[in-house]
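Here is a short briefing for a reader who is new to this structure. Please look at the sequence and the model first, then read the points by topic.

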Amino acid sequence: MRQIKNIFILFLTLRALAVSAGDAQDLLQNASNRVHQSLDGTWQIIVDPMETGYYNHGWKPKKNGYFMDEKPKSVSDRVEYDFDTSDELYVPGDWNMQADRLYYYEGTVWYRRKFLITKESEKKYHLYFGAVNYRSIVYLNGELVGEHIGGFTSFNFDVTDLLQEGQNTLIVKVDNTRDKDGVPTINTDWWNYGGITRSVLLVETPQVFVQDYSIQLSKNNTVEGWVKLNNNNAGKVEIAIEGIGKQVVQVKAGKASFEFDKSPKHWSLDDPYLYQVTLSCNGENIKDEIGFKSIAVQGQDIMLNGESVFLKGISIHEEAPFGTGRVTTREQCKILLDWAKELGCNYIRLAHYPHSETMVRMAEKMGFLIWSEIPVYWTINYDNPSTYSNAENQLVEMITRDKNRVGIGLWSVANETPVIDSRNEFLNKLIKKTRDLDPTRLICAALNTQKSKNGKNLIDDPLGEYVDVIGINSYCGWYGGTPESCSSWEWATKFKKPMIMSEVGAGALQGYHGEENVRWTEEYQSAVFHSNIEMLKNIDFLRGVSPWILMDFRSPRRSLKNIQNDFNRKGLISEQGLKKESFFILQNYYNSLPNQMKNTAK
Ligand code: GCB
């Protein structure tokens, strides 16, 4: 009897371990191209500013919080919430734009989605979230699945054991409360859109499956890569690249490398060629489109496929056209990227956090080189080790998801951060981590400058030593100096490295006209662009520009009534899609420049 009891206790312990909450598991590579059920659509929601669904009156976590999705068992039973009769929100989407009462809301919203499944015993099931801002706790059928922090990266959980045949109830607690120790911190110049902002998928794989893979150009101009199976499993993976070849890789202890001894056609800005790739393992066929390029720095040049390039770019927030909040559809990505093409860009800076996989994939297919960054922005807490872990985790998640995206040329670790020891150390560590994870791309950060004694803008931030490419944000004519003064601004650098002017710009209300010296007019913005372009022409180590910004975007810091109305107005295009004069000024500048630069490297 005692033995049976012990076995029972052991069983309970093992079960508890198996379903215990944890951080998200290793990212499932290329989730949306695997067999899946979409959980997008209408979800039931409960807005919970007091965290009543989570804590009791003594602020202790409840055992029977909203995640239990309880129903009264009799008419006299007391259950003070009911998802069935509650409001609804669409997923993917931010909540701010879907309900007036949630416009400025920061706090917790509980999301519930019921779904049916026919469970197959030989399959594994993974719950995949494209992004949830900012903190999420996930429950399936009343059990805790896991948690995730960070608003712009993808994560997933293995839910095979918790999934039930037939009906399942998925509940996600989403909390976008700003946090001084968070990444980003409480202070940003963008809207803190809350919610399940990207798609949710229930992905099915075999028991032994391809967790992750990397396929890219080797130093010898061949195709090389590795493939990783879940849980250090062994197995065979067939890798087929149309036009290159096919091979079966025997994976012994989780991970195996491979090489195709053939030189692929290169992806380039003018011909963004992608190969059709299929990875097959235990009956699963994963389709991908992968391109091959080389990118390096030589002196003050950025070398793409061995040739020096000038990056004609624009900064973009993940903000949907027509004032509708976060980008959630392919069509919205297409509108933004078509505008960038029309502007004459060959490069985009996806600010200030990782954008969706859809955006990155579409951009590389259209021939844009991409700068992708994590929200280490302004004054995050550089002294707090857990802030560091959070930033590093977001970096790892960004690189893990996008390492096969040939369009990505630059990983940025930070934007406009103060030059202090703790920050130098923090960012240095992030740079080292980036290099370990991906030695094939360039590392950069957007920095500020200071005036030197002779009045030049001096690039001397100690971080310049560690990055490959120096990004500089400079707002001559807006935050300092008159528009006319910019053309005579001179630049000097302590580093023999390429520089990208990662931001430059001025605000204007589309359709507001007046004299050049009148703030907020299109004429003022145009004057700033004209004189800054003259300034840029004189910086001999300049290898790229991404002015701020393609389209006006929502920011709670921008409250000037009738002009800003909660929008940062530095867009070249209004949020309603109307182009300002400065769009055409930049377009003229870009049209006058070739993609290729004379190679000035010594
Ligand atoms: C900056 C920031 C960007 C802001 C911009 C502005 O330097 O990097 O996030 O939105 O200035 O408009 O002030």
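Two strands pair if DSSP finds at least two bridges between them. Helices (H or I, at least four residues) and strands (E, at least two) are DSSP runs, numbered from the N terminus. This is a predicted model, in which local features need pLDDT of at least 70 and side-chain atom pairs count only at pLDDT 80 or more, while totals for chains, interfaces and linings use all residues. Residues are numbered from 1 along each chain as its sequence is written, and side-chain values use heavy atoms, with hydrogens and water left out.

**A three-stranded sheet**

- Three strands form an open sheet with mixed pairing, in the order S29-S30-S32.
- Its edge strands are S29 (450-451) and S32 (491-493), each of which pairs on one side only.
- S29 pairs with strand S30 (residues 457-459) in the antiparallel sense, over two bridges.
- Glutamine 450 has leucine 458 in S30 as its bridge partner.

**Strand S15 and its partners**

- Strand S14 (residues 210-217) and S15 are antiparallel and share seven bridges.
- Across this pair, serine 214 stands opposite tryptophan 226 in S15.
- The hairpin of S14 and S15 has five residues between the strands. There, asparagine 221 takes a positive phi near 65°.
- S15 also pairs with strand S18 (residues 255-260), in the antiparallel sense and over six bridges.
- Here lysine 228 stands opposite lysine 255 in S18.
- In a regular strand the side chains alternate between the two faces of the sheet.
- Strand S15 (residues 223-229) has a covered face made of Val223, Gly225, Val227 and Leu229. Its uncovered face has Glu224, Trp226 and Lys228.

- Serine 38 lies in strand S2 (residues 36-38).
- Serine 38 is partly exposed, because its relative accessible area is 35%. On this scale, buried means under 20% relative accessible area, exposed over 50%, and partly exposed in between (1.4 Å probe, protein chains only).
- Leaving aside neighbours within four places in sequence, serine 38 is in contact (heavy atoms within 4.5 Å) with Arg113, Val200 and Leu201.
- Serine 38 and serine 199 are 161 residues apart along the chain, yet their C-alpha atoms are separated by 7.6 Å.
- A polar atom of the serine 38 side chain lies 3.1 Å from the backbone nitrogen of aspartate 40.

**Cis peptide bonds**

- The bond from valine 91 to proline 92 is cis, with omega near 5°.
- Proline 92 lies in the loop between strand S4 (87-91) and strand S5 (108-117).
- Alanine 351 and histidine 352 are also joined by a cis peptide bond, with omega about -15°.
- Histidine 352 lies in the loop between strand S25 (347-350) and helix H3 (357-365).

- Asparagine 231 has a phi near 45°, a positive value in a residue other than glycine.
- Asparagine 231 sits in the loop between S15 and strand S16 (235-241). It counts as exposed because its relative accessibility is 65%.
- Asparagine 282 is not a glycine, but has a positive phi of about 50°.
- Asparagine 282 is in the loop between strand S19 (275-281) and strand S20 (284-290). Its relative accessible area is 51%, so it is exposed.
- Asparagine 532 is in helix H6 (residues 522-537). Its relative accessible area is 2%, so it is buried.
- Leaving aside neighbours within four places in sequence, asparagine 532 is in contact with Cys476, Cys486 and Val504.

**The cavity**

- On a 1 Å grid over the protein atoms alone, a cavity is a set of points where a 1.4 Å probe fits but cannot get out; lining residues have an atom within 4 Å of a point.
- Grid points are joined across faces, edges and corners, and a volume is the space filled by probe spheres set on the points.
- A search of the whole structure finds one cavity of 30 Å³ or more.
- The largest cavity has a volume of about 130 Å³.
- Its lining has 14 residues. Tyr134, Arg178, Pro184, Thr185 and Asn192 lie nearest its centre.
- By class, the lining has five nonpolar, seven polar and two charged residues. Ala, Val, Leu, Ile, Met, Phe, Trp, Tyr, Cys and Pro count as nonpolar, Asp, Glu, Lys and Arg as charged, and the others, Gly among them, as polar.

Note on methods:
A polar contact is a pair of N or O atoms within 3.5 Å; within protein, one must be able to donate a hydrogen and the other to accept it, and residues adjacent in sequence count only if both atoms are side-chain atoms. On a 1 Å grid over the protein atoms alone, a cavity is a set of points where a 1.4 Å probe fits but cannot get out, and a pocket is an open set with protein on both sides within 12 Å along at least five of seven lines; lining residues have an atom within 4 Å of a point.
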